[in-house]
Amino acid sequence: MQWQGSRLRNTGGSKMEVILQNLTKKFPSRDKKNRDDVIAVNNFSFEIPDGKLIGLLGPSGCGKSTMLNLISGLLKPTEGRIFFGQDDVTELPPENRGIGLVFQNYALYPHLTVKQNILFPLQNLKGKDKLSKEEMLAKAYEAAKLVQIEELMDRKPRELSGGQQQRVAIARALVKMPKVLLLDEPLSNLDARLRIQTREEIRRIQRETKVTTIFVTHDQEEAMSISDLIVVMKDGVVQQIGRPQDVYDSPDNLFVAKFLGTPPINVFEGEIQDNMLYIGADKVLETVGVPDGKVFVGIRPEGFIMDEAGTLGCTLSGVEVMGRDISVVSTNEASVNSTVRSIISTENQLSMRADQLPEKSTVRFNLIPSKVFLFDCRTEERIHFEK
């Protein structure tokens, strides 16, 4: 890579895939009654393509930050290997891996100016990588311009907003022209509006620099909005890898289906009888090829169509008008969730009258087959059926 004008660009040299082979990380147990090791990452294998932004996604404790620390070199794996391109970096210390690391808490030096914070990584370069003061200053201003903070270079961190401090942290990570950029929950400390703005900036910067980027977050909306690929994790194990929309549209198991989506997916206890899906007493959908038995049924909120003759009946709790859409909140005895949330277009004339219905009225829906998923009650793995 090299700087050109105010842009860090990929010069088309060696590819920088990140290859993770059977990574496992175990920590000693602190539980006196249970001495078994805690497995934070379990046999993780994945090839991160060159120049892509990958979202590592999962709930707290799933192993995503541990994975980032393994890639950065802050932790050593118990088993497995890490490659940057053709180079095995498993035993390399962090400072020799060519990474840029951005933390949740910004980690800026409070007594230094923005310019001094960005310059700091360059001032520690030695040997053939050492730069002149003029070269360092030029790179610092180019990095600042990339993240649009060049007018803030003489301020101290306490004089900046949270979003501006995060930009400084990103500029400091990029100024060394890293092979891999690692972002650990970088938006968690920002308010909702600033999170949206900053994640868009991260995506813009990543596209301009084309640096391979790994973005750790527990926020599925963040990951889905900016990632080329997402990796969904649970208890240290990869649940599914794919393009965000593909994973949303075709979850491999109930955990993935429940974790992705706002509002979350509605889950019912159902039963297959003679190629038909029943939710309670309602015969709601044909499911050719699925053997008889009990199943979990996941229905996305946008998978409901209000229809007075609809196949699924629910008891109305309330209606929330959200501009172009209406959220119909109801209950059903077969629902695993406390409420059933259905997102209905305001173009549906029946939905326009829903807020006029008395509470506890029965509302009926037809289902959009592509938004309905079946899962095995025991394994919670996806059961596919013809739609």
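## A pocket and its lining

Glu-302, Met-322, Arg-324, Asp-325 and Ile-343 line the second largest pocket of this predicted model. The space in this pocket is about 160 Å³. Its lining has 3 charged and 2 nonpolar residues, and no polar ones.

## Two helices side by side

Two packed helices are described by the angle between their axes and the distance between the axes. Here the pair is helix H4, residues 162-174, and helix H5, residues 192-209. Their axes come within 10 Å and cross at roughly 20°. Angles under 35 degrees count as roughly parallel, so H4 and H5 are roughly parallel to each other. Their crossing is right-handed.

Which residues in H4 and H5 meet? From H4 come Gly-162, Gly-163, Gln-166, Arg-167, Ile-170 and Leu-174. From H5 come Leu-194, Gln-197, Thr-198, Glu-201, Ile-202 and Ile-205. By class, this contact has 5 nonpolar, 5 polar and 2 charged residues.

The model has 3 cavities of 30 Å³ or more. The largest cavity holds about 40 Å³ of space. Ile-170, Leu-181, Leu-183, Ile-202, Ile-205 and Gln-206 line it. Strand S9 (180-184) and H5 are the elements that give two or more residues to this lining. The largest share, 3 residues, comes from H5.

What classes of residue line the largest cavity? The lining has 5 nonpolar residues, 1 polar residue and no charged ones.

## Backbone exceptions

Most residues other than glycine have a negative phi, and most peptide bonds are trans. Two places depart from these patterns. Asn-43 is not a glycine, yet has a positive phi of about 55°. Asn-43 lies in strand S4, residues 38-48.

The other place is a peptide bond. Thr-262 and Pro-263 are joined by a cis bond, with omega about -5°. Where does Pro-263 lie? Pro-263 is in the loop between helix H8 (254-259) and strand S13 (266-273).

## Around Ile-383

Ile-383 belongs to strand S23, residues 382-383. Leaving aside neighbours within four places in sequence, Ile-383 is in contact with Val-290, Val-295, Leu-374, Phe-375 and Asp-376. Lys-52 is 331 residues from Ile-383 in sequence. In space, Ile-383 and Lys-52 are 31 Å apart, C-alpha to C-alpha.

Conventions
Residues are numbered from 1 along each chain as its sequence is written. This is a predicted model: local features need pLDDT of at least 70, side-chain atom pairs count only at pLDDT 80 or more; totals for chains, interfaces and linings use all residues. Side-chain values use heavy atoms; hydrogens and water are left out. On a 1 Å grid over the protein atoms alone, a cavity is a set of points where a 1.4 Å probe fits but cannot get out, and a pocket is an open set with protein on both sides within 12 Å along at least five of seven lines; lining residues have an atom within 4 Å of a point. Grid points are joined across faces, edges and corners, and a volume is the space filled by probe spheres set on the points. Ala, Val, Leu, Ile, Met, Phe, Trp, Tyr, Cys and Pro count as nonpolar, Asp, Glu, Lys and Arg as charged, and the others, Gly among them, as polar. Axes are lines fitted to C-alpha atoms, for helices over the stretch in contact, and angles run from 0 to 180 degrees between N-to-C directions. Helices (H or I, at least four residues) and strands (E, at least two) are DSSP runs, numbered from the N terminus. Angles under 35 degrees count as roughly parallel, over 145 as roughly antiparallel, 65 to 115 as roughly perpendicular and the rest as oblique. A crossing is left-handed if the near helix is turned anticlockwise from the far one by less than a right angle, and right-handed if clockwise. Contact means heavy atoms within 4.5 Å.
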